[in-house]
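Subject: Structure handover

Hello,

Please find below the structure you asked for, with the sequence alongside. My notes on it follow.

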Amino acid sequence: MLQGDSNPMHLHGHDVFLLAQGIGIYDAARDEGKFNLVNPPRKNTVLVPNLGWAAVRFVADNPGAWLMHCHFEFHLSMGMAAVFIVEDGPTVDTSLPPPPEDF
């Protein structure tokens, strides 16, 4: 199915830093030089160009299983989604509490 719009991608539980975007197939040799590693914009939703790619980074400091998905419902039903599992960190603030004893 062809589509003319960009794909609004969203990661639950986190904001992402948009490092770069491009049209066509990502090629590390050609595209890594485009990465903004100094002051990338912080986003809640990233528009991935139609027939293109986006490179993002996020701080994995919120433990849990977090869905990243396209906001077009028909893309979600086609499987345009992934789940990131963020494990507990070294501090109380970056760890999930244990389940209740009667759980």
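T94 is in contact with D61, P63, E87, D88 and G89, leaving aside its neighbours within four places in sequence; contact here means heavy atoms within 4.5 Å. This residue lies in the segment after strand β7. T94 counts as buried, at 19% relative accessibility. Buried stands for under 20% relative accessible area, exposed for over 50%, and partly exposed for what falls in between, with a 1.4 Å probe and protein chains only.

Before the rest, some notes on reading the model. This is a predicted model, in which local features need pLDDT of at least 70 and side-chain atom pairs count only at pLDDT 80 or more, while totals for chains, interfaces and linings use all residues. Residues are numbered from 1 along each chain as its sequence is written, and side-chain values use heavy atoms, with hydrogens and water left out.

Strands and their pairing

Strands are DSSP runs of E with at least two residues, and helices are runs of H or I with at least four; both are numbered from the N terminus. Two strands are called paired if DSSP finds at least two bridges between them. In general, strands of a sheet pair through backbone hydrogen bonds, either parallel or antiparallel.

Strand β6 (residues 64-70) runs antiparallel to strand β1 (residues 7-11), and three bridges join them. β6 also pairs with strand β7 (residues 81-86), again in the antiparallel sense, over six bridges.

Two bridges hold the antiparallel pairing of β2 and β3, and K43 in β3 is the bridge partner of V16.

The nonpolar core

Which residues make up the largest nonpolar core? The eight are M9, L11, V16, L18, V46, V48, M68 and C70. At least two residues of this core come from each of β1, β2 (16-23), β4 (45-48) and β6. A nonpolar core is taken as a set of buried Ala, Val, Leu, Ile, Met, Phe, Trp, Tyr and Cys residues joined through side-chain atoms within 4.5 Å. In soluble globular proteins, nonpolar side chains tend to be buried together.

Not counting residues up to four places away in sequence, M9 touches N44, T45, V46, V48, M68, H69, C70 and M80. M68 has its place in strand β6 and is buried, with a relative accessible area of 16%. The C-alpha atoms of M68 and F84 are separated by 7.5 Å, and the two residues are 16 apart along the chain.

Salt bridges

The structure holds three salt bridges, each defined as a side-chain nitrogen of Lys or Arg within 4 Å of a carboxyl oxygen of Asp or Glu.

One of them is formed by R42 with D15, where the closest N and O atoms are 3.1 Å apart. R42 lies in strand β3 and D15 in the loop between β1 and β2, so this pair ties together parts that are 27 residues apart in sequence. R42 counts as exposed, at 58% relative accessibility, whereas D15 is partly exposed at 29%.

D31 takes part in a salt bridge with R30 (3.0 Å, N to O) and in another with K34 (3.0 Å, N to O). How accessible is D31, buried or exposed? D31 is buried, with a relative accessible area of 0%. R30 is partly exposed at 45%, and K34 is partly exposed at 46%. Shared partners join R30, D31 and K34 into one network of salt bridges.

Surface

L67, L76, V83 and I85 make a nonpolar surface patch of about 360 Å². Patches are made of residues with over 30% relative accessible area and no salt bridge; like charges are joined within 9 Å, and nonpolar side chains (Val, Leu, Ile, Met, Phe, Trp, Tyr) within 5 Å. Areas come from the Shrake-Rupley method with a 1.4 Å probe, and for residues only the protein chains shown count as cover. I85 is found in strand β7 and is exposed, with a relative accessible area of 66%.

Regards
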